[in-house]
Amino acid sequence: MNRSDIVITGVGVVSSIGLGREAFTESLLNGDSGVIELVDSTVGDRNATARYKFVQGSSGDTEQESPVEIGAPITDFDPKLFVKPRKALKVMCREIQTSFAASQMAIEDAGLSSLLPAEPADQAKVSGRIAVDRIGTVFGSEMLYGDPEELADAFAACKTEENEIDRSKFGNAAMRSITPLWMLKYLPNMPACHVGIAVNSHGPNNTLTVGDVSGPNAVLEACGYLRRGIADIMVAAAAGSRMNTTRTMFTEDQPLTGASASVERSSRPHAQDAKGIVRGEGAACVILETIESAEQGNRTPIAKVVGMASRFVPSAAFAEGRFTSSSEENAGRGSAAAIEAAIAGALSDAGLTSDDIGLVVGHGMGDPVIDAQEAKAIAKALPGVPLTLPIGLLGHTGAATGMLGLTAAVVAAQRGTAPPVAHAADCPETLNVVQESGSLKQPHVIALSHTSHGSATAVIVSAT
């Protein structure tokens, strides 16, 4: 089976710029940003939470990293509209809820709702539903963090009369004040688990936790299942967040930025004055099928998967065991070699050259160190190809970032249109950043994703 024999029949998105394929597409093509000031935000635990960094080394005094709290939260999401039975919400953290919702949207978008949940093969032949062993789920995920309030009562019960903590009391206090199912809310493999149960999938099920490239690698693995003939339909998704309060308090190896004069334009990937990332959250899902499956079910493909590759070449910082959020040129985050290798691998897999690519969906995030590595790789491997930067609208969404970028590539290919970048004029001349929305000159779109450590993926899609 060739890559082009695998098609995408459904897309689901839960993001700060829209819920569902159509809303996401319109916001993307109009350049509508989801970045807001968080001072007055009370969406779940997505309120203003400062991240602090050590002034020197890894101890001592700290200072707030960003003077104004900004982010790209999902502000109009009601999980009760998507999660059934509703009692399942008790064991779903925010990321599980968004991934489940994105999957349900994608299933509906593909026209599969009436064919699920799946049934045993003998029953499926009679009912026309999908057979349980012919559908699978593979998700990209990450470490999921609980809210501090959930543990507050247990810690409070450990305080002594001298206002000190007696650690020996914690076990008993935790059993009394923390729900017994607490851990199930935060296991990285639960998004794939919940969706698999909901659709009654007995086919392949897996979860990948490899940072920003988790989603694209989930797609790569899902395509592998389809090519090997062990499934006809795969639900591939990813969810992530950098908005969670507990996650925010951790020091990361990427700098944050403050608010620009126009807050909604604060996320400035590849801008020459970029200082760091904007935190965001989101989830995206694609339904992948063999072309035979789609044709037999009379489902119209949105796009086809043409080629893909995943590569790893360690970044300088990773190779040397360094961990820093410094914006100095020698900080060593990101790997141009890995990105370039992933591009070459995807082009080879598709039997294409750079001249066949009509649009690059970049993974530039506003971290000047990592962006410089991507710029170097694109200038060498895809010179002159138009470049769009969805993180400028969505912020950095953790493990969802790569999948949201791939989703942007899918809808851009399907519409035949390149989404604009508001700050294109502030990007290096070596990059052909899209200033105004326009038609693609070639039908193929390549989506890039990469990490600070040196993992990189490239996925090529085209309209059907």
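1. Let's start with serine 15, which sits in strand E1 (residues 6-15). Strands here are DSSP runs of at least two residues (E) and helices runs of at least four (H or I), numbered from the N terminus. Keep in mind that this is a predicted model: local features need pLDDT of at least 70 and side-chain atom pairs count only at pLDDT 80 or more, while totals for chains, interfaces and linings use all residues. Residues are numbered from 1 along each chain as its sequence is written, and side-chain values use heavy atoms, leaving out hydrogens and water.

2. Buried or exposed: which is serine 15? Serine 15 counts as buried because its relative accessibility is 1%; buried means under 20% relative accessible area, exposed over 50%, partly exposed in between (1.4 Å probe, protein chains only).

3. Now look at what the side chain of serine 15 reaches. The backbone nitrogen of isoleucine 17 is 3.2 Å away, and a polar atom of that side chain lies 2.9 Å from the backbone oxygen of glycine 18.

4. Leaving out residues up to four places away in sequence, serine 15 touches Phe24, Ile74 and Leu394. Contact means heavy atoms within 4.5 Å. Phenylalanine 24 has its own list of partners, among them Val13, Leu404 and Val411.

5. Phe24 is also one of the residues with the most contacts inside the largest nonpolar core, which has 47 residues. Such a core is a set of buried Ala, Val, Leu, Ile, Met, Phe, Trp, Tyr and Cys residues joined through side-chain atoms within 4.5 Å. Helix H14 (residues 401-415) gives the most to this core, nine residues.

Methods
Polar contact = N/O pair within 3.5 Å; in protein donor to acceptor, adjacent residues only side chain to side chain.
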